[in-house]
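Here's a quick briefing to read alongside the model. Have the sequence and the 3D view open as you go.

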Amino acid sequence: MLRTSTAEPTETGILWKVRKDVTRYSSLLVRSNLTLTVMLENVVNDVFTGVYHVNVSFIYYNGTRVSSFAPDVDWNRKLALHSGKLTENLYQAPADLIIPISDDGEHGCWFRIRSESDIPSRQIKIPVNTLRAVLEVYVSFHGNDEFWYSNPPDSYIRLNNITTGRGHGAYREIYVSIDGIYVGSELPFPVIFTGGINPLFWEPVVAIGAFDLPSYDFDLSPFLGLLLDGEFHSLSLGVTDGISYWLVDANLHIWLDHHSSAVRAQSLSYEAPALIVKRTSRFKQLDGSFNIIARRKTQFSGWVNSSSGNIITHILQQFRFKSSIHFESNGTRKVVNHKIVSRTESKMEFETGGLLTRAVTRKRYPLSVITLNAPRMENGSYLSLTNVSHGFIEKYTNGRISRSVYNSQQCWGWMMVMDHSVVNGGASTNQSFSYSDEFGCYSRTVAATNGTLIADNSTIICSTSM
């Protein structure tokens with residue numbers, strides 16, 4: 001329900017709060033005798049001696065309970081007798097059932113992926129009256145892949161005899177398969193954790209997504225023809241070009257036909273051409289440039305013969321990826337430019353032609369990191385100067401519903417580093433956030449310098465567009 005990380009420790013201790021809307025898990029939260037599991041790993045040694053005290057609270061808001069397919073109202077009438085009007089019901093209501101796709105919990109509820117050949121899977125069997133299925137995938141990246149978006153190719157590391165495992169290039173793609181059949185993929189948002197790049201950037205403002213990592217939705221409805229046979233099927237998760245290590249798990253959200261004990265389904269079309277990727281590499285010793293351009297376009301469709309008619313789901317997804325890493329000044333200056341653009345369209349219609357719903361999600365994830373490291377001093381310390389520009393931009397439309405998020409950060413600073421620890425430095429972070437939907441708008445700007453918040457302004461007027 002929540003993938004998070006921790007704040008950087010201080011000698012006097014630190015307090016922080018994380019809030020998340022978990023309405024989509026309502027089918028779980030209305031049940032009794034629930035077991036809540038929290039895992040928060042810690043490092044305790046001679047330097048880091050602190051422990052965590054964690055309090056988790058759920059806030060329930062009063063409101064009319066909404067069922068995903070309005071069992072008390074004839075669905076055809078709800079849809080204006082197939083008049084083609086968009087219905088918000090299907091995409092707004094929480095799922096009737098959620099099936100976890102996770103590890104056995106011995107070392108956490110997530111799968112640990114150490115290489116692209118690690119493809120963990122779970123056997124699933126879903127109800128035979130399933131109308132819609134969406135897989136929500138959580139990922140986080142650690143170890144040698146924490147900064148995957150800035151990793152050079154292995155050839156650069158090998159030929160320069162660099163002692164690091166942070167390589168394998170700067171392209172990563174999360175993908176899902178059912179019984180070995182590819183059913184979708186996503187390019188992950190490059191979250192920067194609180195100790196990342198320059199830890200002084202993230203006091204008291206943390207990087208986008210660091211305390212609430214984004215999840216990624218895969219609409220599996222076109223593949224219900226494969227799943228609705230009452231048998232178990234293998235659902236697998238993988239990371240293209242991934243190295244050690246990624247923590248991955250998922251939730252399968254299922255909507256049921258409350259007027260039928262079983263429905264029939266069948267796939268109609270499957271277009272999943274191979275990823276188109278172009279990699280160029282040119283370097284001499286420690287200086288050089290590495291570029292990756294990639295794109296993918298997939299289309300899936302399938303029908304479900306429900307109690308309200310034969311419903312066809314079409315999924316169209318396309319994304320573009322561009323990355324450049326440039327080293328100069330004998331490798332002491334590094335410039336990373338990383339950009340992800342994607343568009344996903346999910347359309348549901350009756351076989352007779354009446355449109356049920358059409359949802360479009362657009363995403364843009366720009367990232368720029370410039371780092372300059374001065375030569376080491378006699379005591380082994382060195383000066384590092386860094387600029388970071390980071391953005392999370394999403395827009396969702398579905399009929400009359402339109403929601404957009406614009407979140408941008410600009411950071412600059414310096415630090416003296418010795419033995420992988422910051423001994424001195426200064427940093428500033430400016431952040432601009434805006435959210436708008438059919439009910440209104442909210443925006444907020446904050447600025448922090450050297451660990452102190454110097455500006456914090458909010459308004460209900462948003463001027464930033466996607």
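A residue is called buried when its relative accessible area is under 20%, exposed when it is over 50%, and partly exposed in between (1.4 Å probe, protein chains only). Residues are numbered from 1 along each chain as its sequence is written, and side-chain values use heavy atoms, with hydrogens and water left out.

**Confidence**

- The average pLDDT (the predictor's confidence in each residue, from 0 to 100) is 91 for the protein, and 92% of the residues score at least 70.
- Residues 66–91 are another story: pLDDT stays under 50 there, and the model has 66 contacts (heavy atoms within 4.5 Å) beyond four places in sequence for that stretch.
- Where pLDDT is low, the predicted coordinates should not be read in detail.

**Salt bridges**

- There are 15 salt bridges, counting a side-chain nitrogen of Lys or Arg within 4 Å of a carboxyl oxygen of Asp or Glu.
- One of them pairs Asp-249 with Arg-3, N to O at 3.0 Å. Asp-249 sits in strand β9 (residues 243–256) and Arg-3 in the segment before α1, so this bridge ties together parts 246 residues apart in sequence. Both Asp-249 and Arg-3 are buried.
- Helices (H or I, at least four residues) and strands (E, at least two) are DSSP runs, numbered from the N terminus.
- Asp-103 bridges to Arg-122, with the closest N and O atoms 3.6 Å apart. The partners are 19 residues apart, Asp-103 in the loop between β1 (97–101) and β2 (111–115) and Arg-122 in strand β3 (residues 121–124). Asp-103 is partly exposed at 27% relative accessible area, and Arg-122 is partly exposed at 29%.
- Lys-363 pairs with Glu-186, the closest N and O atoms being 3.8 Å apart. Lys-363 belongs to strand β15 (residues 355–373) and Glu-186 to strand β6 (residues 181–186), so the bridge connects parts 177 residues apart in sequence. Glu-186 is buried, at 6% relative accessibility.

- Ser-5 lies in the segment before α1 and is buried, with a relative accessible area of 13%.
- Beyond its neighbours within four places in sequence, Ser-5 is in contact with Trp-16, Phe-193, Ala-210 and Phe-211. The Ser-5 side chain reaches the backbone oxygen of Ala-210 at 2.5 Å.
- For a sense of scale, Ser-5 and Phe-283 are 36 Å apart, C-alpha to C-alpha, and 278 residues apart in sequence.
- Ser-342 is in strand β14 (residues 333–350) and is buried at 9% relative accessibility. Setting aside neighbours within four places in sequence, its contacts are Gln-318, Phe-319, Thr-361, Arg-362 and Lys-363.

**Nonpolar surface patch**

- Val-56 is one of the residues in a nonpolar surface patch that also includes Met-1, Leu-36, Tyr-52 and Phe-58, with about 940 Å² of accessible area for the whole patch.
- Patches are made of residues with over 30% relative accessible area and no salt bridge, with like charges joined within 9 Å and nonpolar side chains (Val, Leu, Ile, Met, Phe, Trp, Tyr) within 5 Å. The areas come from the Shrake-Rupley method with a 1.4 Å probe, and for residues only the protein chains shown count as cover.
- Val-56 is found in the loop between α1 (26–29) and α2 (75–78), and at 43% relative accessibility Val-56 is partly exposed.

Definitions and conventions: This is a predicted model: local features need pLDDT of at least 70, side-chain atom pairs count only at pLDDT 80 or more; totals for chains, interfaces and linings use all residues. A polar contact is a pair of N or O atoms within 3.5 Å; within protein, one must be able to donate a hydrogen and the other to accept it, and residues adjacent in sequence count only if both atoms are side-chain atoms.
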